[in-house]
Amino acid sequence: MNAVRPAFLALLLGTAALVVPAQAETIEVTIDRLAYAPAAIEAKVGDEIEWINKDALVHTATVNGGAEVLLPAKKSGRLLLQEPGSFDYICRYHPNMKGHVTVRP
Amino acid sequence: MTIRLTTVAAAIALSLGGNWVLAGDKPTDPQIAHIAYTAGVLDVEAAKQAIATSKNKAVVEFAESMVRDHESVNKQALDLVKKLNVTPEDNDTSKALSQAAETKRSELAKLTGADFDKAYVENEVAYHKQVNGALETLLIPSAQNAELKSLLETGLKLFQGHQQHAEHVATELK
């Protein structure tokens, strides 16, 4: 009887792993001296990006014609990734700051 | 390299219509600090004129970001010179920059509406281009103190961003 329970549990867990999507993650991007690091990230739908602005300057993470996250000086901001795709983003105030996000389904 | 620096200094002196640091002479750290600080102050003043005059949202937002960024960098610069015990030293380049800015301010004061917006933003593009050129070719290479050099390098990246932002606003105004 004791041997059956763990097996049953393993079966349950195995099934659960198939049904429940992988856990959403938070991906950190640091901004230091006008650069996003890492500049390119990969994520999946449901993940969040957290930009940590270490500069004493206001920045943004702005997708052309899309989402914009305002990043006050020495503060951070988050974005929930809701759609798959490949996006370039910039800082609206300093367009020489460039980043890229690839979002898998 | 000497020839190039001299040419650049001469070109800047010409475009300022005044005296850049004497051709061939490298500015000292106290002079560099003064030039960089002055360049920031002048751009903040220009931005305040734009905020008071312009009714264009993109122009006002750009000007507000100039005030914010240049004040922030100049605060860092002041903290640094204090820490390094350096007294910024007035010089011909700072004086020429101030003179040129005053002339531009009077010119802009005669304009309103779209004419003002266009002239202000175009001058911002030109001004940042000029300051970036000076940073790249003269001020950064001449800086002796590593922390000052590093702050100037960050400043260059920031002002290059401003130049692109100004170019973007200029395109929107067309």
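Author: One definition before we start: two strands pair if DSSP finds at least two bridges between them. Also, keep in mind that this is a predicted model. With that, β2-β1-β4-β7 of chain A is the order of an open sheet of four strands, and its pairing is mixed.

Reader: Which are the edge strands there?

Author: β2 (36–37) and β7 (76–80) of chain A, each of which pairs on one side only.

Reader: And how many bridges hold β1(A) and β2(A) together?

Author: Two bridges, in the antiparallel sense, with β1 covering residues 26–31 of chain A. Thr30(A) is the residue opposite Ala37(A) of β2(A).

Reader: OK, zooming out. What's in chain A overall, in terms of helices and strands?

Author: Chain A has one helix and nine strands. Reading from the N terminus, the order is α-β-β-β-β-β-β-β-β-β.

Reader: What share of chain A is buried?

Author: 24% of its 105 residues count as buried. On contacts in chain A, if you take residues at least 6 apart in sequence, 47% of those contacts join residues at least 24 apart.

Reader: Back to sheets. What's the strand order in the one with five strands?

Author: That open sheet runs β3-β9-β8-β5-β6 in chain A, again with mixed pairing. Its edge strands are β3 (40–44) and β6 (68–71) of chain A, each pairing on one side only. On average, neighbouring strands of this sheet are turned by 20° against each other, direction ignored.

Reader: Do β3(A) and β9(A) run parallel or antiparallel?

Author: Parallel, with five bridges joining β3(A) to β9, which spans residues 98–104 of chain A. Glu42(A) sits opposite Thr102(A) in β9(A).

Reader: How many residues sit between them in the hairpin?

Author: Four residues, and in that turn Gly65(A) has a positive phi of about 70°.

Reader: Switching to chain B. What's the packing angle between α5(B) and α6(B)?

Author: About 155°, with the axes 9 Å apart; α5 is residues 113–142 and α6 is residues 146–173 of chain B. Angles over 145 degrees count as roughly antiparallel, so α5(B) is roughly antiparallel to α6(B). The crossing of α5(B) past α6(B) is left-handed.

Reader: And what kinds of residues make up that contact?

Author: The contact of α5(B) with α6(B) has 13 nonpolar, six polar and nine charged residues.

Reader: I was also looking at His70(B). Where is it?

Author: His70(B) is in helix α3 of chain B, residues 57–84.

Reader: Why does His70(B) count as buried?

Author: Because His70(B) has 24 C-beta neighbours inside 10 Å, and the cut-off for buried is 20 or more.

Reader: Which residues does His70(B) touch?

Author: Leaving out residues up to four places away in sequence, His70(B) touches Gly40(B), Asp43(B) and Val44(B). Asp43(B) is 27 residues from His70(B) along the chain, and their C-alpha atoms are separated by 7.5 Å.

How values were computed:
Residues are numbered from 1 along each chain as its sequence is written. Chains are lettered from A and ligands numbered from 1 in the order in which they are written. This is a predicted model: local features need pLDDT of at least 70, side-chain atom pairs count only at pLDDT 80 or more; totals for chains, interfaces and linings use all residues. Axes are lines fitted to C-alpha atoms, for helices over the stretch in contact, and angles run from 0 to 180 degrees between N-to-C directions. Angles under 35 degrees count as roughly parallel, over 145 as roughly antiparallel, 65 to 115 as roughly perpendicular and the rest as oblique. A crossing is left-handed if the near helix is turned anticlockwise from the far one by less than a right angle, and right-handed if clockwise. Ala, Val, Leu, Ile, Met, Phe, Trp, Tyr, Cys and Pro count as nonpolar, Asp, Glu, Lys and Arg as charged, and the others, Gly among them, as polar. A residue is buried if 20 or more other C-beta atoms lie within 10 Å of its own, exposed if 12 or fewer, and partly exposed in between; C-beta atoms are placed from the backbone. Two residues are in contact if their C-beta atoms, placed from the backbone, lie within 7 Å.
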